[in-house]
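Subject: Structure for you to look at

Dear colleague,

I am handing over the structure below, and after it I describe what was found. Please read the notes with the model open beside them.

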Amino acid sequence: MSDVHVVILAAGMGTRLKSSKPKVLHPVVGAPMVEHVLRLAAALAPTSTTLVVGHQADAIRAYLRDRPELQFALQMPQNGTAHALQQAEPLLAGRHGTLVLLSGDVPLLRAETVRLLLDAHRSAGAAATVMTAVVERPYGYGRVIRTSGKIVGIVEERDASPAQRLGREINSGIYAFDLAPLFEALRTIATRNAQGEYYLTDLVAVYRRQRLPVETLIVEDAREVRGINTLGELSEVSAIMRQTKNAELMAAGVTIIDPVTTYIDAEVEIGPDTVIHPGVLIQGRSRIGSGCEIHANVRIANSVLADRVTVHDFCLLLDSEVGEGASVGPFAHLRAGSIIGQKAKIGNFVELKKTTFGPDSKANHLSYLGDATIGANVNIGAGTITCNYDGQWKHQTVIEDGAFIGSDSQLIAPVRVGKGAYVGAGSSITEDVPAGALGVGRGRQTNIMDWADRKRAAHKKT
Ligand code: UD1
Ligand code: CA
């Protein structure tokens with residue numbers, strides 16, 4: 001939106017979190033808190049976006065390097081929300097229009113709701129519009145004070161009288177401001193309050209004295225403006241965000257058997273007719289196709305599953321790809337760089353790492369396949385191990401189309417098993433097996449006749 005400037009406050013100490021990590025970098029459903037607020041800001045397509053940082057500013061700036069669209073204002077020391085906003089003044093010098101103030105610790109807010117705030121602000125021609133909410137538990141928030149229905153002030157929990165504390169309309173900490181009178185007015189705010197800080201909330205009373213119009217927008221869903229001040233609130237807000245994500249997915253045709261135990265990150269995409277069983281976590285930038293079935297207690301991170309994939313119970317899939325109709329697990333581990341072809345089968349206790357596993361191939365039981373390229377229609381017997389590491393270097397194993405690896409074989413890399421070749425069970429393969437050949441690498445069996453009977457007889461005599 002033209003002439004909209006976003007400022008996000010994120011300089012506070014976050015004392016109540018009792019954590020050494022900056023508050024806005026704490027993850028909420030897969031992404032740091034500030035990430036959700038930045039996504040909201042971007043959705044408004046503003047002319048500028050300014051983040052006010054202070055406490056642990058370096059850590060926050062380091063996390064947000066590579067974002068040319070962001071400008072940073074430094075607040076040192078952190079003397080309150082009005083003081084924080086003042087730090088953005090030099091960056092907004094000569095700008096006109098509307099400043100939207102967001103809080104780095106209010107991550108559930110939706111762009112639609114901010115648009116309603118802007119509409120209300122513009123149509124009323126207000127100098128300031130405060131987003132408020134009516135809540136059941138107002139404890140900790142600033143209370144909105146009204147006279148004849150008009151907002152006349154905001155009083156913080158610590159400064160409120162017992163009567164004021166009964167009020168259930170709270171300040172969300174989200175505002176729209178006309179830029180013209182704003183910074184001049186901020187300079188008149190004093191620190192006469194319990195915390196000795198410059199409170200942005202005092203601006204309402206200042207504007208009232210200056211006879212500048214202040215309006216409010218009461219949000220429909222108060223959950224959207226929930227702020228995070230403690231780790232308890234962080235988990236509550238995370239739970240709300242997860243519920244919202246689950247509800248969106250279910251509305252789009254995904255079956256979630258137990259939403260309470262299903263953890264799906266905000267950016268995950270899932271196709272219709274996919275069924276998610278209890279205890280599943282799907283994280284990061286994962287994409288799951290349609291008609292898939294993800295059984296209980298599975299974690300999938302940054303992975304892509306095509307349509308009709310089945311993941312059986314207790315699997316871990318990280319940075320991997322699974323082709324259409326393939327099946328994984330139970331108890332399988334796909335480590336980074338595993339690419340499973342169409343209709344392939346990865347069974348119990350099979351671990352893959354940086355391995356391409358061709359279409360229709362099978363590794364049904366107990367295998368480690370690392371740094372390998374495995375073709376189509378390959379059968380990997382139970383207990384097969386690619387010995388990819390010599391203590392210093394990693395080496396490649398190549399198994400060509402249609403090969404059959406007998407059970408309990410070790411493929412000592414670098415090594416290649418040619419097209420259609422067989423490896424005898426229990427082999428240690430140290431040399432390439434040519435296409436169509438049988439490779440056997442094990443000691444021959446000898447049977448010593450009557451040995452057991454003689455041993456037993458000798459035992460009896462003594
Ligand atoms: C603030 C509001 C309160 C409102 C609540 C909504 C004030 C005085 N109070 O209270 O009315 O109900 O938000 O969530 O504004 N910050 C800075 N620099 C500072 C202080 C804070 O950048 O010096 C930032 C914080 O990092 C945070 C935001 O401002 O992102 C709000 O600060 P916080 O201390 O959490 O204010 P609340 O007590 O929650
Ligand atoms: Ca807060």
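Which domains does the domain assignment of the chain give? There are domain 1 (4–225) and domain 2 (231–439), with bounds that come from an automatic or database domain assignment.

Before going further, please note that this is a predicted model, in which local features need pLDDT of at least 70 and side-chain atom pairs count only at pLDDT 80 or more, while totals for chains, interfaces and linings use all residues. Residues are numbered from 1 along each chain as its sequence is written, chains are lettered from A and ligands numbered from 1 in the order in which they are written, and side-chain values use heavy atoms, with hydrogens and water left out.

The C-alpha centres of the two domains lie 46 Å apart, and 13 residues of domain 1 are in contact (heavy atoms within 4.5 Å) with 13 residues of domain 2. Between domain 1 and domain 2 an area of about 1,100 Å² is buried, 70% of it from carbon and sulfur atoms; this is the accessible area (1.4 Å probe) that the two parts lose on being put together, summed over both. Val29, Leu108 and Arg223 supply 46% of the area that domain 1 buries against domain 2, more than any other three residues. Two salt bridges are found across this interface, the term standing for a side-chain nitrogen of Lys or Arg within 4 Å of a carboxyl oxygen of Asp or Glu.

The calcium ion (ligand 2) is coordinated by Asp105 (OD) and Asn229 (OD1), at 2.4 to 2.6 Å; donors are N, O and S atoms within 2.8 Å of the metal (3.2 Å for Na, K and Ca), and since water is not among the atoms, sites may look incomplete. Asp105 lies in the loop between β6 (98–103) and α4 (111–124) and Asn229 in the loop between β11 (214–218) and α8 (231–251), so the pair ties together parts that are 124 residues apart in sequence. Helices (H or I, at least four residues) and strands (E, at least two) are DSSP runs, numbered from the N terminus. Asp105, at 13% relative accessibility, is buried, and so is Asn229, at 18%, where buried means under 20% relative accessible area, exposed over 50% and partly exposed in between (1.4 Å probe, protein chains only).

Finally, Thr50 is found in strand β4 (residues 48–53) and is buried, with a relative accessible area of 0%.
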